[in-house]
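Subject: Structure for your review

Dear colleague,

Please find below the structure that I am handing over to you. My findings follow it.

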Amino acid sequence: MRRMLAALCVLCCAAVPLAQRQPESPKDYIREQGPIIALEHVRVIDGTGGPAKADQTIVISGGKIAAIGAAGTVQ
């Protein structure tokens, strides 16, 4: 009985990663495609522990962040 339970546990644990669908690419989550994309009026959390910055604009050019700043001030 103990051996059967152990085998069942191993099978269940091995099946979990196989059951989770991995996304094909980041493009699956992007609706707009273009050389330059601006995200306006967003809240930016930079990960340094500082406070979040509200009402910001993020400009993405060539797949990389080109500029971040207060809404209305970023070209």
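Two strands are said to pair if DSSP finds at least two bridges between them. Helices (H or I, at least four residues) and strands (E, at least two) are themselves DSSP runs, numbered from the N terminus.

Before the findings, a note on their basis. This is a predicted model, in which local features need pLDDT of at least 70 and side-chain atom pairs count only at pLDDT 80 or more, while totals for chains, interfaces and linings use all residues. Residues are numbered from 1 along each chain as its sequence is written, and side-chain values use heavy atoms, with hydrogens and water left out.

Overall composition

The chain contains one helix and three strands, arranged along the sequence as α-β-β-β. Of its 75 residues, 8% count as buried; buried means under 20% relative accessible area, exposed over 50%, and partly exposed in between (1.4 Å probe, protein chains only). Among contacts (heavy atoms within 4.5 Å) with a separation of 6 or more, 11% are between residues 24 or more positions apart.

The β2–β3 hairpin

Strands β2 and β3 pair in the antiparallel sense over six bridges. They form a hairpin with two residues between them, and glycine 62 in the turn has a positive phi of about 65 degrees. Serine 61 stands opposite lysine 64 in β3.

Glutamine 56 belongs to strand β2, which spans residues 53–61. Is this glutamine 56 buried or exposed? Glutamine 56 has a relative accessible area of 11% and is therefore buried. Leaving aside residues up to four places away in sequence, glutamine 56 touches Leu39, Glu40, His41, Val42, Val44, Ile68, Gly69, Ala70 and Ala71. A polar atom of its side chain lies 3.2 Å from the backbone oxygen of alanine 54.

Alanine 66 is part of strand β3, residues 64–70. Alanine 66 is exposed, because its relative accessible area is 54%. Beyond residues up to four places away in sequence, alanine 66 touches Val59, Ile60 and Ser61. Alanine 66 and isoleucine 36 are 30 residues apart in sequence, and their C-alpha atoms are 9.2 Å apart in space.

Yours sincerely,
A colleague

Notes: A polar contact is a pair of N or O atoms within 3.5 Å; within protein, one must be able to donate a hydrogen and the other to accept it, and residues adjacent in sequence count only if both atoms are side-chain atoms.
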